[in-house]
Amino acid sequence: MDQLTAMRIFVRLVQSGSFSEVARELGVSQSSVSKRLASLEEKLGARLLTRTSRKLHLTEVGGDYFERCLQILMDVDESESSVRSLTSNPTGLLRITAPVSFGQRHIIPRLPDFLSTYPSMKLDVILTERQVDLVGEGIDVAIRIGTLADSNLVARHLGDGPRLLVASKSYLDKRGRPSHPDELKDHNCLVYSLQNSGNIWHFKKQNKTFAVQVQGNVQANNGDAVREMALAGVGIIMISKWMSQPYIQEGQLEVILPDYTLQGFPIQAVYPHSRYIPSKIRSFVDFIKQSFDADPQLQNTP
């Protein structure tokens, strides 16, 4: 058995935690994957993984071998990508992750054109609100929204997420329309729990800044869920322009405090640091960046 292939199988088993997932990726049976792992362990003379009814667990030796395999395979992939980029278009599997709502609206619709531009590419798309471990889970590039924590990952700015303050007409007719940020303290404000500022909302007007701690009876980790509550007349929300604009145009949501600028958020592509950026990552990030630049919903423009 080819040693590099065996190492790749072992690494993907650790990253996915599933024999069936790795078998599907390789187009082989689960028993074939199991036999290849057994052959690798026999060659090394050590048990790398233990399997329970639900999970795969690294042994102490397996954990050390996994880290070494990751580095070796990254070096091999970098070398191959460096040569390939000089002679051909990007090829191979690109694994992408993005937040659910943003991915559905702004990543998935752009992928057909990307595949048309790069027909030799294959995509594995993971939409999740979870902060994915790129290296540990074998992800090539993540689309992340908001300020990034310090890390050894590379980040490239793709665009911006302007925010608006909105509520339904029924709510505003009942509770009144705020004319100053401080008045939000008397309103039911619904919070997207994953935003960095939490329940402290920031505003700016004529070089003056305001920070208001809001409260309400609903918070959720999904922007669509918060928006649906606002549409039902439950309260006021701070939401991205791209998630609210269609409902504003249809008259279902009304913009509040339009003279104030709300703190927006950066949209970034994040990928593992390496000496050489694989052509498949570079091509994807360049493509998305160019597409986002032409989208007014993803830029800080009036």
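The legends below describe views of a predicted model.

**View 1. The whole protein, with its overall make-up.** The secondary structure of this predicted protein consists of ten helices and 15 strands, and its C-alpha trace extends over about 75 × 45 × 30 Å along the principal axes. Among the 302 residues, 43% count as buried, while the accessible surface amounts to about 15,900 Å², with 48% of that area belonging to carbon and sulfur atoms. Of the contacts with a separation of 6 or more, 75% are made by residues 24 or more positions apart. The side chains include 34 positive and 32 negative ones, and the centres of these two sets lie 2 Å apart.

**View 2. Helix α1 and the glycine that follows it.** Helix α1 covers residues 3-16, and because its 14 residues should span 20 Å at 1.5 Å a residue, the separation of 20 Å between its end C-alpha atoms agrees with expectation. The buried residues of this helix are A6, M7, I9, F10, V11, R12, L13 and Q15, a list that can be traced along the helix with one general point in mind. An α-helix has 3.6 residues a turn, so residues three or four places apart point the same way. Just after α1 comes G17, whose phi is positive, at about 70 degrees.

**View 3. Helix α3 and its buried residues.** Helix α3, made up of the 15 residues 30-44, reaches 21 Å from its first C-alpha to its last, which is close to the 21 Å expected at 1.5 Å a residue. Its buried residues are S32, V33, L37, L40 and E41. Just after α3, G45 adopts a positive phi of about 70 degrees.

**View 4. H106 in helix α5.** H106 belongs to helix α5, which runs over residues 100-107. Because its relative accessibility is 6%, H106 counts as buried, the cut-off for that term being under 20%. When residues up to four places away in sequence are not counted, H106 touches W242, F292, D295, Q297 and L298.

View 5. A220 is part of strand β11, which comprises residues 219-220, and since its relative accessibility is 18%, A220 counts as buried. With its neighbours within four places in sequence left aside, A220 is in contact with V191, Y192, S193, A225 and V226. The C-alpha atom of A220 is separated by 8.0 Å from that of L194, a residue 26 residues apart from A220 along the chain.

**View 6. The loop between β9 and β10.** Q206 is placed in the loop between β9 (200-205) and β10 (208-213), and N207 lies in the loop between these strands as well. Most residues other than glycine have a negative phi. Q206, however, has a positive phi near 50 degrees, and the phi of N207 is also positive, near 65 degrees. Q206 counts as exposed because its relative accessibility is 69%, and N207 counts as exposed because its relative accessibility is 71%.

**View 7. The cysteines C69 and C189.** C69, with a relative accessibility of 0%, therefore counts as buried, and C189, at 1%, likewise counts as buried. The cut-off for a disulfide is a pair of cysteine sulfur atoms within 2.5 Å, and by this rule the count of disulfides comes to zero.

Terms used. Residues numbered from 1 in each chain as written. Predicted model: local features only at pLDDT ≥ 70, side-chain atom pairs only at ≥ 80, totals over all residues. Heavy atoms only, no water. Buried < 20%, exposed > 50% of the residue type's maximum accessible area, 1.4 Å probe, protein only. Helix = DSSP H or I, 4+ residues; strand = E, 2+ residues; numbered from the N terminus. Contact = heavy atoms within 4.5 Å. Areas by Shrake-Rupley, 256 points an atom, 1.4 Å probe, with all protein chains shown as cover. Lys, Arg positive; Asp, Glu negative; His and termini not counted. Charge placed at Lys NZ, Arg CZ, Asp CG, Glu CD. Expected span 1.5 Å × (residues − 1).
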